[in-house]
Amino acid sequence: FEILVKQVIVGGYDEKENHVLSFLKEIYVDDFENFITENPDTIIYINKIDDSENKKLEKKLKKDIVERNYEQEIIYIDSTGISSNFINVLNNYIDDKLNIIPNVLIVKDGKISNVMYINSNTTSTEIIDFMELYYND
């Protein structure tokens, strides 16, 4: 499928330090609805661009994604400054209602079919297993 790509410019941001953004395509929150319409089957990874707690996880996640050739399957959304209105947008694409913004969304046939919340104990293997279980079913 076709990927929507936009340049990301953030003051003081060092792309070398963000292991996931250095190779994943990014869409902006404002583009979400159009993107889902044009790409009804995708994986979306949501995280803050400057989340230092996830740097180690993202370094391993990058390696696992590249090993499985998933670079073109996963889209990144920077959650820095996302308003609560984005939850309402997400809720238009899921049967259950979300209360907080999740970290990994599996989108099938234009609907969010599965959601994963990442915490400090989540491993890259768990994220990849989740993606493989629900995206490739």
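The model is predicted, and local features were taken at pLDDT of at least 70 and side-chain atom pairs at pLDDT 80 or more, whereas totals for chains, interfaces and linings use all residues. Residues are numbered from 1 along each chain as its sequence is written, and side-chain values use heavy atoms, with hydrogens and water left out.

The protein chain contains four helices and five strands, where helices (H or I, at least four residues) and strands (E, at least two) are DSSP runs numbered from the N terminus. From the N terminus on, the elements follow the order β-α-β-α-β-α-β-β-α. Of the 137 residues in the protein chain, 45% are buried; buried denotes under 20% relative accessible area, exposed over 50%, and partly exposed the range in between (1.4 Å probe, protein chains only). Among contacts (heavy atoms within 4.5 Å) with a separation of 6 or more, 66% are between residues 24 or more positions apart.

The five strands form an open sheet of mixed pairing in the order β1-β3-β2-β4-β5. Two strands are taken as paired if DSSP finds at least two bridges between them. In general, strands of a sheet pair through backbone hydrogen bonds, either parallel or antiparallel. β1 (25-26) and β5 (111-116) stand at the edges with a single partner strand each, so one side of each has no neighbour in the sheet. Helix α4 (residues 124-135) packs on the sheet and touches β2 (42-47), β3, β4 (104-108) and β5. The direction of α4 makes about 15° with that of β4, with axes fitted as lines to C-alpha atoms, for helices over the stretch in contact, and angles running from 0 to 180 degrees between N-to-C directions.

Strand β3 (residues 74-78) pairs with β1 in the parallel sense over two bridges, and Glu26 has Tyr76 as its bridge partner in β3. The pairing of β2 with β3 is also parallel and spans five bridges; here Ile77 of β3 is the bridge partner of Ile46. β3 is mostly covered, with five of its five residues buried. In a regular strand the side chains alternate between the two faces of the sheet. In β3, Ile74, Tyr76 and Asp78 point one way, Ile75 and Ile77 point the other way, and all are buried.

Val107, in strand β4, is buried with a relative accessible area of 1%. Not counting residues up to four places away in sequence, Val107 touches Ile36, Pro40, Asp41, Thr42, Ile44, Ile112 and Tyr135. Ile49 is located in the loop between β2 and α2 and is buried, at a relative accessible area of 4%. Ile49 and Asp78 are 29 residues apart in sequence, and their C-alpha atoms are 5.5 Å apart in space. Gln72 is in the loop between α2 (55-67) and β3 and counts as partly exposed because its relative accessibility is 41%. From Gln72 to Lys25 the C-alpha to C-alpha distance is 7.7 Å, at 47 residues apart in sequence.

Backbone torsions were also examined. Most residues other than glycine have a negative phi, and most peptide bonds are trans. Asn69 has a positive phi, near 55°; Asn69 lies in the loop between α2 and β3 and is exposed, with a relative accessible area of 59%. Asp109 likewise has a positive phi near 55°. Asp109 is found in the loop between β4 and β5 and is exposed, at 67% relative accessible area.

The largest pocket has a volume of about 240 Å³. Of the twelve residues that line this pocket, Glu53, Asn54, Ile118, Asn119 and Ser120 are the closest to its centre. A pocket is an open set of points on a 1 Å grid over the protein atoms alone, where a 1.4 Å probe fits, with protein on both sides within 12 Å along at least five of seven lines; lining residues have an atom within 4 Å of a point. Grid points are joined across faces, edges and corners, and the volume is the space filled by probe spheres set on the points. By class, the lining has two nonpolar, seven polar and three charged residues. Ala, Val, Leu, Ile, Met, Phe, Trp, Tyr, Cys and Pro count as nonpolar, Asp, Glu, Lys and Arg as charged, and the others, Gly among them, as polar.
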